[in-house]
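Work through these exercises with the model open beside you. Try each task before you read its solution.

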Amino acid sequence: MSPSTVSVAASSVPIQEVLQRLKTARLGIVQELRKLIVGQDEAIDQLLTALFAGGHCMIQGPPGTAKTILVATLARVLNLEFKRIQFAPDLMPSDISGSEILEEDQTTGHRVVKFVKGPVFTNILMADEINRTPPKTQAALLEVMQEKQVTLGGQTTALPQPFYVLATQNSMEQEGTYTLPEAQQDRFMLSIVMSYLTEAQEAAVVAQSTSARKIELQRLLGAAELLAFTQAVRLVTLPEKLGKYVVDLVATSRPSVEGAPDFIKEYVSWGAGLRASQNIVLAAKSLAAQDGRMTVGANDIRKALVPVLRHRIGLSFRAEVDHVDVESIIAKLIAAVPVPSEMRN
Amino acid sequence: MTADSIQGMKASEAIAKLGEHRQRILQEIGKVIIGQREVVDDVITAFFAGGHCLITGVPGLAKTLLISSLGRAMDLKFRRVQFTPDLMPSDITGTEVLEEDRASGKRQLRFRPGPVFTNILLADEINRTPPKTQAALLEAMQEHQVTVSGTTYPLEEPFFVLATQNPVEQEGTYPLPALQQDRFMFSLYIDYLPRNQEVEVINATTGASVADIKEVISGAQLLEYQQLVRETPVAAPIIQYAVALVSASRPGKPTTPDFIKDYVSWGASIRGSHYLVLAGKARAVLAGRPHVSVQDIQAAAIPVLRNRIIANFHASSQGVDSVEIIRRLLKSVPMPKSGLS
């Protein structure tokens, strides 16, 4: 395959054309989502950015902010299979990936071991309240996320493609939760924060949710085309200076590195790793592609920074005492790292 | 026996062949790994010496990619286990399940092998799991076998464990006891890449192309090469030098240098000298030389001794770490005259 074309259904299409189709498809998806989702513009933008980049998301927000509706609606519009798992303290790894059961063969009467696929065998998996489950079960999910296959009893079964995990974390309660270790959080491309609606928006939701009107959703895309789009996103080019800027910015978040700014040494206990830079670039490529552009612009990088870095910077105890949050650290980082001339306008 | 077998070859030919294979393995790895040359070299040395590695480093530095790529280049089976606080020994070694025999219809216990039954095991964040589970892995590493309900199951050969631990001091981690760290041949440290290489990585990993790693040698060949490494002769003064280095690291002997008495609470064990010599052999053979030099031993000193020499409180208050102590040891222990070449 030549680098400037994408194979869609066995034919090669010029990349510009694919990106135009991607742009149109995105508008269509947003239009469908808007039939059911009020507000949450930023969350929708970020969710679609991860979708076209092929990345998993962490979604945070208080109950009743339409997290499940958003994800389920997206799955319907995209014509993808959707499953939801409520994570619980007694959930076991096999409740996610599947298990082997003894089954009796009707004809011979012999019992044989059969693999029963778990809910992870789907296109979009919503992992609700992932921090309610003990670490081993969390690790099982993260392993399939990474490997896109399940190995059980020596048998390896591949997951359907595409495969997305959208995990929510309960941020209200602390007791009885198991915070995801930093290395595991790092596997999620973006961290999306959903917030309460304005009163006017809430009124609109209530009016709609109590009405008799039935909402018809159109089905767009489908697995094959979505996969082709994620392939096209990777073909978007990144100007050299922007790549350097991303690496500089991420490296500056590390307190152990020589020459780290004082606010990082004081308030950050662990900084962002290489996956942060990779995901900023991928998210920026996705943003450019959704706009039908072949090249990443400064604005794309800027938009990608917060959702990629939010869950990758660990705050120190001192930060907690001084009421400093991650967003303000990221803002300070952006101010501290010299911006390439292309980004100044 | 594969066509590429070195059986029956002269040692010099076999060594030349190994050198050639090492180059090709490095080439394959270089398709996906950018930088980290020192760690890549040390891990390959451990592979050919048949020793296990412990890597300390922050997440996201391509440890999994490195080790799984090596596995592919050598056509070895690879498994990764994420260590967690609730991981049990049986999650590593395997369990017995009740199963019906199809032919006889009788029910019997059958052993379901755990992830340890592989060629390369990546034990990720080993210090997140409690001591009993750590011990289960370390036992398997040492014995190359697993015993469940009285039955012993041998592991596959070659068997190589690469364990990682997170350097960030955190709540809820269980640091490996010194005695357990002693089972690893090398203790390696991996750090962030220089920024220009990070730029290279993001350019390579966010693009469309996916590098394909080709198989260079087979597991059976690796075993032959491990044998070749062990058959490499070492001159007596070189062995004496390795022993002298290790012995000088132990405080409490009249001949111990003063800085060791000041800074070290525990010195290296005999495993230290064993692995210095073995790593020296592997390094010599990988470089195409049929004999071990003083430099081979010295090059192995830091990865072999780093976790085997335990600095005391006085050392840490002075900012002296075990690497600094090893550097001083290398300066203070006299080198054998015959090995100066």
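**Exercise 1. How many residues of chain A are in contact with how many residues of chain B, and which element of chain A gives the most?**

Step 1. Count both sides. 35 residues of chain A are in contact with 28 residues of chain B. Two residues are in contact if their C-beta atoms, placed from the backbone, lie within 7 Å.

Step 2. List the elements. On the side of chain A, two or more residues come from each of strand S6 (111-117), helix H5 (135-147), helix H6 (182-185), helix H8 (223-234), H9 and H11. Helices (H or I, at least four residues) and strands (E, at least two) are DSSP runs, numbered from the N terminus.

Step 3. Pick the main giver. H11(A) gives the most, with seven residues.

Step 4. Sort by class. The side of chain A that touches chain B has 17 nonpolar, seven polar and 11 charged residues. Ala, Val, Leu, Ile, Met, Phe, Trp, Tyr, Cys and Pro count as nonpolar, Asp, Glu, Lys and Arg as charged, and the others, Gly among them, as polar.

A note on the source: this is a predicted model, where local features need pLDDT of at least 70, side-chain atom pairs count only at pLDDT 80 or more, and totals for chains, interfaces and linings use all residues. Residues are numbered from 1 along each chain as its sequence is written, while chains are lettered from A and ligands numbered from 1 in the order in which they are written.

**Exercise 2. What should helix H12 (residues 298-309) of chain A span, and which of its residues are buried?**

Step 1. Work out the span. The rule is 1.5 Å times one less than the number of residues. H12(A) has 12 residues, so it should span 16 Å.

Step 2. Compare. The end C-alpha atoms of H12(A) are 17 Å apart, which agrees.

Step 3. Find the buried residues. They are A:Asp300, A:Ile301, A:Ala304, A:Leu305, A:Pro307, A:Val308 and A:Leu309. A residue is buried if 20 or more other C-beta atoms lie within 10 Å of its own, exposed if 12 or fewer, and partly exposed in between; C-beta atoms are placed from the backbone.

Step 4. Name the partners. The buried residues of H12(A) pack against several elements of chain A, including helix H2 (41-53), strand S11 (190-193) and helix H14 (326-336).

**Exercise 3. Is A:Thr68 buried or partly exposed?**

Step 1. Locate A:Thr68. It lies in helix H3 (residues 67-77) of chain A.

Step 2. Count. A:Thr68 has 15 other C-beta atoms within 10 Å, so it is partly exposed.

Step 3. Look around. Not counting residues up to four places away in sequence, A:Thr68 touches A:Arg84 and A:Met126.
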